[in-house]
Amino acid sequence: MDLKLISKYREELFGISIISIIIFHFCEDYVLAFKAGAVDANLVIFGFYKIISSVGVEAFMLLSGFGLFFSMSRGGELKDFYKKRFRRLILPYIPVGIMLWGIWDFVINEGGWKDFFMDFTFLSFWTEGEIGIWFNRYNDTFVSCLPAHIQADRI
């Protein structure tokens, strides 16, 4: 397999995987609505939900893994790797996380600062099984551990 093709069509492959994820979530909601009796059966939606399922997530993770591996393989400074990931992952998360978890913890669940802190820092994912925006939690953990794993393989 020529890995340069993955790199060449990286953006298109990410786009396809993201569209697949959006369609999957629509189908998932449709199936829930069908089970509640709110909509009629639709074989196309059920077929996508059962057959294609969440393959978009797996494709996105695979592409992200390739990108991270090649980024680390260039041999740059570890601090530069983490700075770039901080700018791309953590900085955008801060305003979104404050708004999301603020509404979720203070308005919807009528929780407090402890709940907000646990959710915002992803600790509730590991301690309570809170799966809201699970992908960010998984991805941040993966990105954090990858350099150590690659360094260990080099030894």
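**Salt bridge**

I took a salt bridge to be a side-chain nitrogen of Lys or Arg within 4 Å of a carboxyl oxygen of Asp or Glu. With that criterion I searched the whole structure and found one salt bridge. It joins Glu 11 to Arg 10, and the closest N and O atoms are 3.5 Å apart. For accessibility I used relative accessible area with a 1.4 Å probe and protein chains only, calling a residue buried under 20%, exposed over 50% and partly exposed in between. Glu 11 counts as exposed at 57% relative accessibility, while Arg 10 is partly exposed at 30%.

**Basis of the entries**

I note that this is a predicted model, in which local features need pLDDT of at least 70 and side-chain atom pairs count only at pLDDT 80 or more, whereas totals for chains, interfaces and linings use all residues. Residues are numbered from 1 along each chain as its sequence is written, and side-chain values use heavy atoms, with hydrogens and water left out.

**Overall make-up**

I took helices (H or I, at least four residues) and strands (E, at least two) as DSSP runs, numbered from the N terminus. On that basis the protein has eight helices and zero strands, and along the sequence I read the pattern α-α-α-α-α-α-α-α. Of the 155 residues of the protein, 26% count as buried. I counted a contact where heavy atoms lie within 4.5 Å. Among the contacts in the protein with a separation of 6 or more, 52% come from residues 24 or more positions apart.

**Helix α2 against α4**

For helix pairs I used axes fitted to C-alpha atoms over the stretch in contact, with angles running from 0 to 180 degrees between N-to-C directions. Helix α2 (residues 10–35) packs on helix α4 (residues 55–73) at an angle of about 150°, and their axes are 7 Å apart. That angle makes α2 roughly antiparallel to α4, given that I call angles under 35 degrees roughly parallel, over 145 roughly antiparallel, 65 to 115 roughly perpendicular and the rest oblique. The crossing of α2 and α4 is left-handed, a term I use if the near helix is turned anticlockwise from the far one by less than a right angle, with right-handed for clockwise.

From α2 the contact takes in Leu 13, Phe 14, Ser 17, Ile 18, Ser 20 and Ile 21, which meet Val 55, Gly 56, Val 57, Ala 59, Phe 60, Leu 63 and Ser 64 of α4. Sorted by class, the residues of this contact of α2 with α4 are nine nonpolar, four polar and no charged. My classes put Ala, Val, Leu, Ile, Met, Phe, Trp, Tyr, Cys and Pro as nonpolar, Asp, Glu, Lys and Arg as charged, and the others, Gly among them, as polar.

Ser 17 lies in α2 and is buried, with a relative accessible area of 2%; not counting residues up to four places away in sequence, Ser 17 touches Gly 56, Ala 59 and Phe 60. Phe 14 also lies in α2 and is buried at 11%. Leaving aside neighbours within four places in sequence, Phe 14 is in contact with Phe 60, Leu 63 and Ser 64.

**Helix α2 against α3**

Helix α3 (residues 43–52) packs on α2 at an angle of about 120°, with the axes 9 Å apart, and the two are therefore oblique to each other. Their crossing is left-handed. In this contact I list Ser 20, Ile 23, Phe 24, Phe 26, Cys 27, Glu 28, Tyr 30, Val 31 and Phe 34 from α2, meeting Ile 45, Phe 46, Phe 48, Tyr 49 and Ile 52 from α3. The contact of α2 with α3 has 12 nonpolar, one polar and one charged residues.

**Helix α4 against α5**

The axes of α4 and α5 come within 10 Å and cross at roughly 145°, in a right-handed crossing. Here Leu 68, Ser 71 and Met 72 of α4 meet Leu 78, Phe 81 and Arg 85 of α5, and by class I find four nonpolar, one polar and one charged.

**Positive phi in loops**

I noted Glu 110, a residue other than glycine with a positive phi near 50°, in the loop between α5 (78–108) and α6 (113–120). Glu 110 is exposed, at 67% relative accessible area. Phe 122, also other than glycine, has a positive phi near 70° and sits in the loop between α6 and α7 (123–127), where Phe 122 counts as buried at 10% relative accessibility.
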